[in-house]
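Visitor: I would like to go through this model and ask what stands behind each label. Please show it first.

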Amino acid sequence: MKLVPLGDRVVLKQIAAEETTKSGIVLPGQTKEKPQQAEVVAVGPGGCVDGKEVTMLVSVGDQVIYSKYSGTEVELDGEEYLVVKQNDILAIVK
């Protein structure tokens, strides 16, 4: 199956968090916070959303940083994805 976002929505796949710090300390699983960095997997068409013209600024393959409590978590074929509005994306990592 495939996720196809509608309107100004973007499908993200989180990038795996580091298991150790730069100094070599191993982080236990429960104390780690999910990273706010993800890869764009699919992008909606944009267009007219809520009476405003929306141009999509991200594209598939971009690495982005998104708002901490945004989006909806979805599991498909054993993979976890996050569906967010383009407004919830804060920056593109280059």
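Visitor: Which residues touch the most other members of the largest nonpolar core?

Guide: This is a predicted model. Its largest nonpolar core has 13 residues. Val 10, Leu 12, Val 40, Val 58, Val 64, Val 84 and Ile 89 touch the most other members.

Visitor: Which strands each supply at least two residues of this core?

Guide: Strand E1 (9-14), strand E2 (37-43), strand E5 (63-66) and strand E7 (79-85) do.

Visitor: Why is Val 10 called buried?

Guide: The cut-off for buried is under 20% relative accessible area. Val 10 has 0%, so Val 10 is buried. Val 10 has its place in strand E1. Across the protein, buried residues make up 26% of the 94 residues.

Visitor: What makes a residue a contact of Val 10, and which residues are in contact with it beyond four places in sequence?

Guide: Heavy atoms must come within 4.5 Å. Leaving aside neighbours within four places, the contacts of Val 10 are Pro 5, Val 40, Ala 42, Met 56, Val 58, Leu 82, Val 83, Val 84, Gln 86 and Ile 89. Take Val 58 from that list. Val 58 lies 48 residues from Val 10 along the chain, and their C-alpha atoms are separated by 8.5 Å.

Visitor: What share of the contacts with a separation of 6 or more comes from residues 24 or more positions apart?

Guide: In the protein, that share is 65%.

Visitor: What is the secondary structure of the protein?

Guide: There are 8 strands and 0 helices. From the N terminus on, the elements run β-β-β-β-β-β-β-β.

Visitor: In what order do the strands of the open sheet come?

Guide: The order is E6-E7-E1-E2-E5-E8. These 6 strands pair in the antiparallel sense.

Visitor: What makes strand E6 (72-76) and strand E8 (89-93) edge strands?

Guide: Each pairs on one side only. From one strand to the next, the twist averages 40°.

Visitor: How do you know that E6 and E7 pair?

Guide: Pairing needs at least two bridges between two strands. E6 and E7 have 5 bridges, in the antiparallel sense.

Technical notes. Residues numbered from 1 in each chain as written. Predicted model: local features only at pLDDT ≥ 70, side-chain atom pairs only at ≥ 80, totals over all residues. Heavy atoms only, no water. Helix = DSSP H or I, 4+ residues; strand = E, 2+ residues; numbered from the N terminus. Buried < 20%, exposed > 50% of the residue type's maximum accessible area, 1.4 Å probe, protein only. Core = buried A, V, L, I, M, F, W, Y, C linked by side-chain atoms within 4.5 Å. Axes fitted to C-alpha atoms, helices over the stretch in contact; angles between N-to-C directions.
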